[in-house]
Amino acid sequence: MAQQAGASPPPQEDARTTADDPDSHASVSNEIIVTGVLQTNRQDMLSAIGVLSQEDLANAVRPSIGETLAHLPGVSASSFGPTASRPILRGLQGERVSILTNGLGTIDVSNTSADHASAVDPLLAERIEVLRGPQALLYSPSVVGGVVNVIDRRVPNSVPDEPVHVAADFDYATAANQRSASGTVDVPVAGKVVLHADGSYSKSDDLAIGGYALTPALRAQALATAAATGDALYAENAAVRGTLPNTAAETWSAGVGAAYIDEGGSIGVAYSHLDSLYGVPLRFATLPGEEQEAPRITLAQDRLDARAEIDPAGGIFEKIRLRWAYADYVHSELEEDGAVGTTFLNKGQEARLELTQARRGAWSGATGAQYSFRDFNVIGEEAFLPKNSTATFGFFTVQQFDLGAVKIEGGARFDHQGVSAHPGTDQPQFFAGSRSFDTVSASVGGTWNFAGDWRLGFNVARTGRAPSAEELFANGPHAGTQSFEIGNPDFAVEKATSVEAVLRGRGNGYTFEASAYHTWFSDYIYERRTGAIEDGLPVYQGTQGDARYYGFELQGTLTLARIGGADIVADALADYTHATILDYGPAPRIPPLRLLGGIGLEGMKFDARAEVEWVDGQTRTAPLETPTDGYTLVNAEVTWRPWGEDRPLSFALSANNIFDVDARRATSFLKDYAPLAGRDIRVSARVNF
C-alpha cells in the first residue's frame, strides 16, 4: 500500500524502477533516490532523506508544497495560509532550502516572503524527494537545509507500452470545500516520439478551523481595546471562529511536452503555464492604530523546459545530460477593492550540464556545471527592494567508492555569484551598486554495512552561502511579514560546518532509521528587531552572527501480524530541532518536538490506517516571539482498489483532525492569527492506465 507520508519507511530491496526510467503503471520505489545524478540505494545515503512516491502522494498531496511534505521526518511548513506554505527543513527555510522542479529551480519569488506561493504544482507531481548530504551539492551550495525536488513527466522520459497512457486524480475536501482535478496523457508516435499533455484545477473556499482565529491572548487584547475605544471592529475580530476569512483560492495549470527517445539518449521540450489567485489570512487588529488588510495575490508563470541526454557506448562517460529552463513570472498583491498594490516581476533562466562517469571498478562519479540568472523588480507603494539582478556560475562534482561493506562519497562545489541593485532615480533609500561572492562547499562521508541489512553512516560538510538580493538590498515596508525590513549590502558569505550520523536497518517485518545532526554557523544572517517603528511597522535590521542548530529524526515500522493476505503494520516517527543564535537567543519559528504513531491494515485491495500526531508546545522563543501551545491530531484513512494493487483504479477516504482541534504551527508568521485546518474529510479517485 501507499505508506502514510508521516511514516514512510525504508522500502523493500526489489526496486527496479527509477524516476528517470519509470514503468508507466508502477509507482517509483522509495528505495532508489533519483534526485542526485548518481542514483543511489536509500540504504547508502549519507544523510536522512524524505520521499513521497506516487502512492504516498495519493493521500498526502495538498495545494501547497509545504503542506504536502509536512508529515515527513524533519519537515515542517511555513503555513502562511493553506496556499502559501513552503517546506521548512530542520528549522531552516527561505534561502537555506532549495525547491526544484525536475532538478531545476522554480524561478519564482517564493523565497522573498512567506506569503508568496511557490510556482510548483503538487497535483501533477509523480514523486517528491528531500535530499541532503554530498549529492545535494549538485544543486545548491548550501546543503544544511536541503533540496526539495518535485518530479513530473512534463518532458517525457520513457515510451509507454500502450497507444495512450492516461492518469487522472479527482479530489474533494470539506475543510475548504476544495474541488480539484488533475490529469496527464502520454501518446507514443512511431515508437520513439512521445507527446505529453497535462493540466490541473483546484478551487477552494475559506478554510474551516477548529476554534477561534485569534489566540486567547490576542482575543483578550482585542476585547480590552473594544471596551476602551468603543470600536466594535475589535470585538468582531475577537469573535471570528469556525472559518478563517480571506483564504479562498483558485489555481490552474496546463502543460505540453514532446520527446524523442531511443537507446542512445533522448531530447525533449515542454511549455507550461501556472495561474493562481489566493487570499492571505488577515492579521486582525487588536490594538488601536493597527492596520487590518485582506490582501489577495494573483500570480502567473510561463515556463519553458528542455532536456537532452546522451548515453555514449563506452568511453569516459556513461551519460551526458543537459537541462535548461526559462520562466517569466508576475505576481500582484491586490487591495480589498481589487486595485493592484505591489507587483513583483521576475524573469530568469537556469541551465545544468551533468557528466556521469563510466564506472571503473569501485569508483563512480559525476561532474558538471550550472548557470542561473534572475532579473527581479518590485513596483508599488510597498516596494521594499530595488530592481536587481543575480547571476550565478557553479561547478560541482560528487565521487563514490563502493568497497563492499564500506561505501565512501564526497562532493565539492564552487560558485561565483554577482548581485546588482539598480534603483530608480526616485528611490534614494536603496543601495545602488554590485556585490560579488565566491563560495566553496564540500561534503564527505561513508556508510558501513556492519551486520546484515544494517548500515551506519556519517558525513561532515563545510558550506558557504552567498547572501541574496533580499538580504543585501531590502529597505522598506514588507506587508507580507508586517515589518519594515532593512538589509545590509556589506554582508559576508554565510558559512556552516555540519556533521550527521545515520543508522538504518531492516529485518523480518521491521524497518528502522535514525539520524542526529549538529550545525555550527558563522556569519549567520538573521533579522533583529531594533525597537524602532517606521511606516507604522516594527523595524527589523539584517544582522550576522553565530548560530547553532542540532536535532534528531527517528522513524520505523513493525509488522504486528499477518491475517490472510493482509498485514497489520505499526509505524512511528519523532523529530526535534534546537536552534540558538549566539548573543541573541533562540532562533525564531523553530518546530518543537513531534511524535507521530499509526497502525494500519495493508491488503491487496483494501488498506486502512489510523494515526495520532502529538506536537509539543514551543516555549523556547526568540525575543518578542510569542509561545505556541502544543496539540494532538487524530487522522484516519481507507483506500480501496477494486481490482487489486496492479490495477488502474483506486478510491480513498480520509478524515484529518477528526476532533476539530485548534492547532497552530510554531513555524508560522501567522500562528497567532491563523490556525491549521479543522476537521477535514477528503475523498479521492485515481485512475492510471
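Predicted model: local features only at pLDDT ≥ 70, side-chain atom pairs only at ≥ 80, totals over all residues.
**Strand pairing, aromatic pairs and a buried glutamate**

Residues are numbered from 1 along each chain as its sequence is written, and side-chain values use heavy atoms, with hydrogens and water left out.

Strands are called paired if DSSP finds at least two bridges between them. Strand E19, residues 340–357, pairs with E20 in the antiparallel sense over 15 bridges. Five residues lie between the strands of this hairpin, where Gly-361 takes a positive phi near 65 degrees. E20 also pairs with E21, again antiparallel, over 14 bridges. Here Ala-369 stands opposite Phe-395 in E21.

I turn now to the aromatic rings. Rings of Phe, Tyr and Trp (for Trp, the six-membered ring) pair if their centres lie within 6.5 Å; planes under 30 degrees apart are stacked, over 60 edge-to-face, and the rest tilted. By this rule the count comes to 15 aromatic pairs. One of them is the tilted pair of Tyr-371 and Phe-393, at 5.0 Å centre to centre and 40 degrees between the planes. Because Tyr-371 lies in strand E20 (residues 363–380) and Phe-393 in strand E21 (residues 388–402), this pair ties together parts that are 22 residues apart in sequence. For accessibility, buried means under 20% relative accessible area, exposed over 50%, and partly exposed in between, with a 1.4 Å probe and protein chains only. Tyr-371 is partly exposed at 26%, and Phe-393 is partly exposed at 42%. Trp-448 and Phe-450 form another tilted pair, 5.5 Å centre to centre with 50 degrees between the planes. Trp-448, at 46%, counts as partly exposed, as does Phe-450 at 36%. There is also one aromatic cluster formed by Phe-521, Tyr-524, Tyr-526, Tyr-549 and Tyr-584.

Is Glu-494 buried or exposed? At 3% relative accessibility, Glu-494 counts as buried; it lies in strand E27, residues 494–507. A polar contact is a pair of N or O atoms within 3.5 Å; within protein, one must be able to donate a hydrogen and the other to accept it, and residues adjacent in sequence count only if both atoms are side-chain atoms. The side chains of Glu-494 and Arg-96 are joined by such a contact of 2.7 Å. A polar atom of the Glu-494 side chain also lies 2.9 Å from the backbone nitrogen of Ile-525. Taking contact as heavy atoms within 4.5 Å, and leaving aside neighbours within four places in sequence, Glu-494 touches residues including Arg-96, Thr-463, Phe-521, Tyr-524 and Ile-525.

Finally, helix H4, residues 232–239, has Tyr-234, Asn-237 and Ala-238 as its buried residues.

Technical notes. Helix = DSSP H or I, 4+ residues; strand = E, 2+ residues; numbered from the N terminus.
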